[in-house]
Amino acid sequence: MIQQTVIKHKFSVSGLRTPVSEKLKAMSTKIVLANEGVFPITKDINGAALSQLPATAIPVAGTIQGEGKLAGVPSLFIRFSSCNLRCIWQLPDGSYSRCDTPYASFDTQQVVHTTVKEVIQLVKKNLGSIRHVVITGGEPLMQKDALAELACGLKNELNVHLTIETNGSMFNKDVAENIDLFSISPKLANSEPNPEKLKALGLNPSGPLSYHAQRRYNSKALQSYINLCNESDKEMQLKFVVGKPEDEQEIINDFLNQLNGWKPSDIMLMPLGANEEELKQTTPLTLEMAIRNGWRFTPRVHIDIFGCKPGV
């Protein structure tokens with residue numbers, strides 16, 4: 001049953017038509033999504049039209065992927081709740097920028113409790129001509145069992161292209177089995193919630209805020225993604241958020257020099273910022289850095305089109 005914190009909706013859903021492995025059958029089917037859930041959509045789980053347009057204000061389900069190798073591709077999104085990190089970046093002007101999806105990361109007061117089968121059914125009713133589904137968060141791999149079952153079900157039942165957006169601090173082979181593109185955004189030192197940032201924002205160094213620095217970088221997990229893609233037809237991108245000149249040497253020395261098998265076309269630089277004004281500060285720096293190193297620059301097309309609102 002899909003339920004949001006205080007509102008419950010009952011639905012009748014069908015099971016998966018294609019058998020999955022016994023291992024996946026045994027996994028939990030419960031799943032917790034951020035309040036956006038599956039988005040943008042125009043139909044409910046039974047295929048009935050919703051009374052309001054999605055946040056895109058477009059009368060069809062779906063939006064475009066705004067970042068990375070598939071920027072511009074029509075897609076549906078599934079946003080998982082909760083994250084194991086607590087990013088707080090500093091912009092060139094000295095101001096601070098927290099995670100651009102706080103409702104899926106650290107401010108998870110409104111969530112959607114549902115099941116894998118119900119998510120698949122909702123995606124099915126809203127796919128139309130769309131063939132790409134993006135699983136994002138938060139950090140989806142915090143719910144690795146449900147995530148593995150969801151990815152398997154989406155592949156078996158709907159045969160869609162699957163992208164997962166992850167911070168790269170975790171790797172799970174059952175999840176990876178059904179993913180086509182791993183969009184990995186390793187977090188640089190600028191993301192760390194240091195004492196100065198915590199004091200400025202009135203935060204206490206507890207929970208994920210206290211161990212972000214130790215958990216943000218997992219070279220073994222990153223190398224596992226690279227190896228898997230080199231051994232298969234899967235794709236990956238290492239998408240670094242850039243906000244300071246010193247990010248360049250950190251990317252080279254702490255990440256790329258420590259990893260094997262990546263290609264320059266897999267390295268994406270994205271300007272730091274959750275809105276147009278913040279992006280103006282970091283875009284020239286990021287563009288120059290990408291050109292100098294032969295890496296790829298990725299815009300944030302959804303912010304250009306829709307602004308910084310959720311659900312788009």
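Begin by selecting Gly 138, Ser 185, Pro 186 and Lys 187, the positions where an unreviewed UniProt entry places the feature "binding site"; such positions are given in the numbering used here, feature names are shortened, and annotations may be inferred rather than shown by experiment. These residues are spread over 50 residues of sequence, yet they cluster in space, with a largest C-alpha distance of 13.5 Å. Gly 138, Ser 185 and Lys 187 are also included in the lining of the largest pocket, to which the tour returns below.

Keep in mind that this is a predicted model, in which local features need pLDDT of at least 70 and side-chain atom pairs count only at pLDDT 80 or more, while totals for chains, interfaces and linings use all residues. Residues are numbered from 1 along each chain as its sequence is written, and side-chain values use heavy atoms, with hydrogens and water left out.

Pro 186 is buried, with a relative accessible area of 3%, where buried means under 20% relative accessible area, exposed over 50%, and partly exposed in between (1.4 Å probe, protein chains only). Not counting residues up to four places away in sequence, Pro 186 touches Asn 167, Leu 222, Leu 238, Lys 239, Phe 240 and Phe 255, a contact being heavy atoms within 4.5 Å.

Lys 187 is in the loop between S11 and H5, and is buried with a relative accessible area of 11%. Leaving aside neighbours within four places in sequence, Lys 187 is in contact with Leu 85, Cys 87, Trp 89, Asn 167, Arg 216 and Phe 255.

**The largest pocket**

Next, display the largest pocket, which holds about 890 Å³ of space. On a 1 Å grid over the protein atoms alone, a pocket is an open set of points where a 1.4 Å probe fits, with protein on both sides within 12 Å along at least five of seven lines, and lining residues have an atom within 4 Å of a point. Grid points are joined across faces, edges and corners, and the volume is the space filled by probe spheres set on the points.

Of the 47 residues that line this pocket, the closest to its centre are Glu 67, Arg 79, Asp 100, Thr 101 and Arg 300. Elements that give two or more residues to the lining include strand S7 (96-98), strand S10 (161-166), strand S12 (235-242) and strand S13 (267-271). By class, the lining has 18 nonpolar, 17 polar and twelve charged residues; Ala, Val, Leu, Ile, Met, Phe, Trp, Tyr, Cys and Pro count as nonpolar, Asp, Glu, Lys and Arg as charged, and the others, Gly among them, as polar.

**Salt bridges**

Select Glu 67 and Arg 300, which form a salt bridge whose closest N and O atoms are 3.1 Å apart; the term requires a side-chain nitrogen of Lys or Arg within 4 Å of a carboxyl oxygen of Asp or Glu. Glu 67 lies in the loop between strand S4 (63-64) and S5, and Arg 300 in the loop between strand S14 (296-297) and helix H10 (301-306), so the pair ties together parts that are 233 residues apart in sequence. Glu 67 counts as buried at 9% relative accessibility, and Arg 300 counts as buried at 8%.

The structure holds 14 salt bridges. For another, select Asp 266 and Lys 263, with closest N and O atoms 3.4 Å apart. Asp 266 counts as buried at 4% relative accessibility, whereas Lys 263 counts as partly exposed at 42%. Salt bridges that share partners join Lys 69, Glu 235, Lys 263 and Asp 266 into one network.

**Helix H2**

Finally, select helix H2 (residues 116-126), where eight of the eleven residues are buried, so the helix is largely enclosed by the rest of the structure. What covers the buried residues of H2 includes strand S3 (30-39), strand S5 (74-80), strand S8 (111-115), strand S9 (132-136) and helix H3 (144-158). Lys 124 forms a salt bridge with Glu 157, the closest N and O atoms being 3.6 Å apart. Lys 124 lies in H2 and Glu 157 in H3, so this pair ties together parts that are 33 residues apart in sequence. Lys 124 is partly exposed, with a relative accessible area of 31%, whereas Glu 157 counts as buried at 10%. Just after H2, stop at Gly 128, which takes a positive phi of about 55 degrees.

Conventions
Helices (H or I, at least four residues) and strands (E, at least two) are DSSP runs, numbered from the N terminus.
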